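Please take a moment to look over the sequence and the model before reading on.

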Amino acid sequence: VQFLMSGWLSTYTWRCDPVDFSNNPEALRMVRVAWLFMLSKVIELMDTVIFILRKKDGQVTFLHVFHHSVLPWSWWWGIKIAPGGMGSFHAMINSSVHVVMYLYYGLSALGPVAQPYLWWKKHMTAIQLIQFVLVSLHISQYYFMPSCNYQYPIIIHLIWMYGTIFFILFSNFWYHSYTKGKRLPRAVQQNGAAASMKVKAN
């Protein structure tokens with residue numbers, strides 16, 4: 001919501017939007033929101049470190065570590081030179097996705113009583129994949145515009161690169177977790193195994 005109120009619902013065109021370095025209240029609000037977003041990435045990194053120290057190997061993957069290790073530092077650098085503009089689109093989308101994610105984690109922390117309401121775990125990964133598609137499509141506009149006065153093209157290139165890398169990594173996670181069945185509900189795994197044994201027996 002804060003990203004929307006900082007320009008995306010008012011002055012931004014959703015296409016080529018340069019960074020506003022003025023003292024405009026909306027521009028200053030974007031700077032504050034960007035720093036808060038970066039702080040959330042630091043918290044996620046600390047969460048990952050705690051998982052590693054507690055040896056929660058089942059909850060720590062290469063995707064988990066890479067994702068949470070890279071973003072805090074790249075966002076700190078990004079905010080220092082370009083707090084806002086079209087480069088902030090992916091942060092707005094990512095924040096929305098994380099609201100859904102932490103709703104799921106909050107429900108799962110309630111224990112068995114919440115299990116009937118956690119059927120949408122697979123769809124949460126799908127939402128993350130859609131996120132990277134939207135981010136890549138938005139930022140790719142830059143390469144097809146006759147002209148764009150966005151001040152730091154390096155930010156555009158990094159966002160496009162991150163969007164592509166994370167789409168590949170999350171797609172790989174989807175394949176191994178759901179297509180191969182490693183993270184499907186136990187009943188589904190057992191039914192699949194039984195069906196496989198039946199086919200072999202025939």
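A pocket is an open set of grid points with protein on both sides within 12 Å along at least five of seven lines, and its lining residues are those with an atom within 4 Å of a point. With that in mind, and remembering that this is a predicted model, we can turn to the second largest pocket, which has a volume of about 230 Å³. The elements that each give two or more residues to its lining are α1, α2 and α4 (89–108), and the largest share, five residues, comes from α4. Among the residues that line this pocket are Phe3, Leu4, Val33, Phe37, Met92 and Ser95. When the lining of the second largest pocket is sorted by class, nine residues are nonpolar and three are polar, while no charged residues are found there.

What holds for the cysteines? In general, a disulfide is a covalent bond between the sulfur atoms of two cysteines. The structure holds one disulfide, formed by Cys16 and Cys148, whose sulfur atoms lie 1.9 Å apart. This pair links distant parts of the chain, since Cys16 sits in the loop between α1 (2–8) and α2 (25–53), whereas Cys148 sits in the loop between α5 (121–140) and α6 (153–179), 132 residues apart. The torsion about the S-S bond of Cys16 and Cys148 is about 90°, and the disulfide is therefore right-handed.

Is Cys16 buried or exposed? Buried means under 20% relative accessible area, and because Cys16 has a relative accessibility of 17%, Cys16 counts as buried.

Conventions:
Residues numbered from 1 in each chain as written. Predicted model: local features only at pLDDT ≥ 70, side-chain atom pairs only at ≥ 80, totals over all residues. Heavy atoms only, no water. Disulfide = S-S within 2.5 Å. Helix = DSSP H or I, 4+ residues; strand = E, 2+ residues; numbered from the N terminus. Buried < 20%, exposed > 50% of the residue type's maximum accessible area, 1.4 Å probe, protein only. 1 Å grid on protein atoms, 1.4 Å probe; cavity = no way out; pocket = protein on both sides within 12 Å on 5 of 7 lines; lining within 4 Å. Points joined across faces, edges and corners; volume = space filled by probe spheres on them. Nonpolar A, V, L, I, M, F, W, Y, C, P; charged D, E, K, R; others polar.
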